[in-house]
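Work through these exercises with the sequence and model in view. Try each task before reading its solution.

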Amino acid sequence: MRVREIYLLGAVLAAGLVACSDKTNPRVVTRLNDEAALAGELPSNPLKGRVITSWVNKHEATMSTMLGNDVAVQYARTNAEMQYPAGSVLSVVTWSQQEDPRWFGGNIPQKPRAVEFVRVTGPGAYSYQRYEGSSLKKVEDGAAPNDRAAYVLSQRAAVMP
């Protein structure tokens, strides 16, 4: 019985060494995810901000990341009231999802669906812009409160100090 256990252990180790060899996997090609790049008439690149939080909408098969400038990030990570100070700029990038070819069961961004910007100009005052389409174009702009901007402003930071 002992010899059989040693034989099985040797077979497992050999299989592990073969799996860890430096050969490339011809089924998975290394590439940048260009499909997820943001292109269009955006006023600024939201991906240059710092991540505040993210979420997945399984019903719509989308993933979103909320980013902010330094003022917004500092406030989101240290306050629970979510009354962002003037000068805060928040953006939400929403992508369609696709299966990750390198990670079974994982999803990665596919093409951008929308980019939203909320700029806080004072206590309870903000502007909202939304961009959609394959080449992101402005579809909504305004200073009046609306449900989506309120939703963005209500998100809490995923990581607190």
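The chain holds three helices and six strands. Helices (H or I, at least four residues) and strands (E, at least two) are DSSP runs, numbered from the N terminus. The model is predicted, so local features need pLDDT of at least 70, side-chain atom pairs count only at pLDDT 80 or more, and totals for chains, interfaces and linings use all residues. Residues are numbered from 1 along each chain as its sequence is written, and side-chain values use heavy atoms, leaving out hydrogens and water.

## Exercise 1: the chain

Solution. Now take burial. Buried means under 20% relative accessible area, exposed over 50%, partly exposed in between (1.4 Å probe, protein chains only).

## Exercise 2: a strand pair

Task: find Glu 116 and the residue opposite it in E5.

Solution. Locate the strand. Glu 116 lies in E4, residues 107–122. Next, find the partner strand. E4 pairs with E5 (residues 125–132) in the antiparallel sense, over eight bridges. Two strands pair if DSSP finds at least two bridges between them. Then look across. Arg 130 in E5 stands opposite Glu 116. These two are 14 residues apart in sequence, yet 4.4 Å apart in space, C-alpha to C-alpha. Finally, check the turn. The hairpin of E4 and E5 has two residues between the strands, and Gly 124 takes a positive phi near 75° there.

## Exercise 3: around Glu 116

Task: is Glu 116 buried or exposed? Which side chains make polar contacts with its side chain?

Solution. Read the area. Glu 116 has a relative accessible area of 1%, so this residue is buried. List its contacts (heavy atoms within 4.5 Å). Not counting residues up to four places away in sequence, Glu 116 touches Leu 90, Ser 91, Val 92, Tyr 128, Gln 129, Arg 130 and Arg 148. Now pick out the polar contacts. Each is a pair of N or O atoms within 3.5 Å; within protein, one must be able to donate a hydrogen and the other to accept it, and residues adjacent in sequence count only if both atoms are side-chain atoms. The side chain of Glu 116 meets that of Tyr 128 at 2.6 Å. It meets the side chain of Arg 148 at 2.7 Å.
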